Amino acid sequence: MENLMSSAEDQQPTSPLANTWSYQQDCKNERPKSVGGFVLVHAGAGYHSESKAKEYKHVCKRACQRAVDRLKAGALAVEAVAAALVELEDSPFTNAGMGSNLNLSGEIECDASIMDGKSLHYGAVGAIRGIKNPVLVANRLLSEAQKGKLSAGRIPPCFLVGRGAHDWAVTHGIPPCPSEKMATKFSLSAYKRNKRKMELAEKMDTGHTQTKKCRQSSENGNGSGCLDTVGAVVVDQEGNVAAAVSSGGLAMKHPGRVGQAAHYGCGCWAENGCNMNPYSTAVSTSGCGEHLIRTMLARECSAAMQSEDAHQALLEAMQNKFISSPFLAGEDRVLGGVIVLRCCRCAEAEPSQDIQAILVEFLWSHTTESMCVGYMSVQDSKAKTHISRLPPGAVPGQSLAIEGGVCRLMNTVE
């Protein structure tokens, strides 16, 4: 991709379909550090009000910094991506962990998953209650599975739901958190407002069209309800990739509902390069869980990233595998977003056995009104953030925006 600009925050959309900018970092004139890596995070695809833009960007910056701190300490990609997710879950402004949407019963049930591109192991939890950071349970499931079979040759679980997931977490040292402490003033007020709207819609009961309009009004009126899964993708100094997602799910969802954040190939995907696939790829999705599950968008986007032109490949994947997917033919609005990272060793790297160069291409795309992202490399002094929005006049669910950048990491080999 072309090096169009160095910062995302001042960029204005220039195309009704695809907007792209590029960020490039090249440290070849400096002495490379002994550690490297890159992180890209998102705070949900949906609607981000201008009044809260500062808060959304701030939490993305903190998540990037948390991941970079772990990378600087020598952590692998899977550890760094989990650290970024914990920061996103702890923010009251995101629909994950603390402050998540409440379901029909007024309870918080969370979904999360994580995937390690090196081992290809995956861990997930669905509809889990009373755990402040569900991504930590997903990560522990992943790490426990890597240890091999349990007693009597039993296969270790990679995906647990409900009470079983909660009990497993507690027995593995993850502290419980009372549900009332996970709800915030904002999420509680949104629940009460949505409940009143649903009751009104049921009383009116003037047909499918009116009920549908009231339901959509309920969803659009809840600021946090319009934002879904948060996530991150990371590449470490060795070129390993990892991805993770976490979500409180749709506002007023049915108890026990599990969204894409927990489903294999739907919420996240990470896969190191090999002989068959020259690029390492990592993907994290956000949006309407049912749409993302039925299209397995994370895995579809990862597969598309093996094409030569990453920007064009993602554009075609979002259009053909999501918006125009035959699996969503009956939907009038297809809502979702992705962040994507792909990397490979630089062919033009300096002829030195002590230096490794990794070319990182990172992109995001969404059909929702907006998507907040942040990104940072180990060599950066601070993270950059951006709220991507659909072009004026574009119809959410029928149009898409796509942006991205390039970063070349130079690392010394010890």
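Trainee: In which sense do E1 and strand E5 (residues 230-236) pair, and over how many bridges?
Mentor: A word on the source: this is a predicted model, where local features need pLDDT of at least 70 and side-chain atom pairs count only at pLDDT 80 or more, while totals for chains, interfaces and linings use all residues. Residues are numbered from 1 along each chain as its sequence is written, and side-chain values use heavy atoms, with hydrogens and water left out. Helices (H or I, at least four residues) and strands (E, at least two) are DSSP runs numbered from the N terminus, and two strands pair if DSSP finds at least two bridges between them. Here E1 and E5 are antiparallel, with 6 bridges, and Gly 37 faces Asp 236 of E5.

Trainee: Which residue in E11 stands opposite Val 41?
Mentor: That is Gly 374. E1 and strand E11 (residues 370-377) run antiparallel, joined by 7 bridges.

Trainee: How many residues of strand E1 (residues 37-46) are buried?
Mentor: Buried means under 20% relative accessible area, exposed over 50%, and partly exposed in between, using a 1.4 Å probe and protein chains only. In E1, 10 of 10 residues are buried; over the protein chain, buried residues make up 56% of 414.

Trainee: At what angle do helix H2 (residues 77-90) and helix H3 (residues 134-145) cross?
Mentor: Axes are lines fitted to C-alpha atoms, for helices over the stretch in contact, and angles run from 0 to 180 degrees between N-to-C directions. Angles under 35 degrees count as roughly parallel, over 145 as roughly antiparallel, 65 to 115 as roughly perpendicular, and the rest as oblique. The axes of H2 and H3 cross at roughly 160° and come within 8 Å, so the two helices are roughly antiparallel.

Trainee: Which residues of H2 and H3 meet?
Mentor: With contact taken as heavy atoms within 4.5 Å, the H2 residues include Val 78, Leu 85 and Glu 89, and those of H3 include Pro 134, Asn 139 and Leu 142.

Trainee: What is phi in Leu 120?
Mentor: Most residues other than glycine have a negative phi. Leu 120 has a positive phi of about 65°, and this residue sits in the loop between strand E2 (110-116) and strand E3 (122-128). Its relative accessibility is 43%, so Leu 120 counts as partly exposed.

Trainee: Where does Ala 152 lie?
Mentor: Ala 152 is in the loop between H3 and strand E4 (159-161). Its phi is also positive, near 65°, and Ala 152 counts as exposed because its relative accessibility is 81%.
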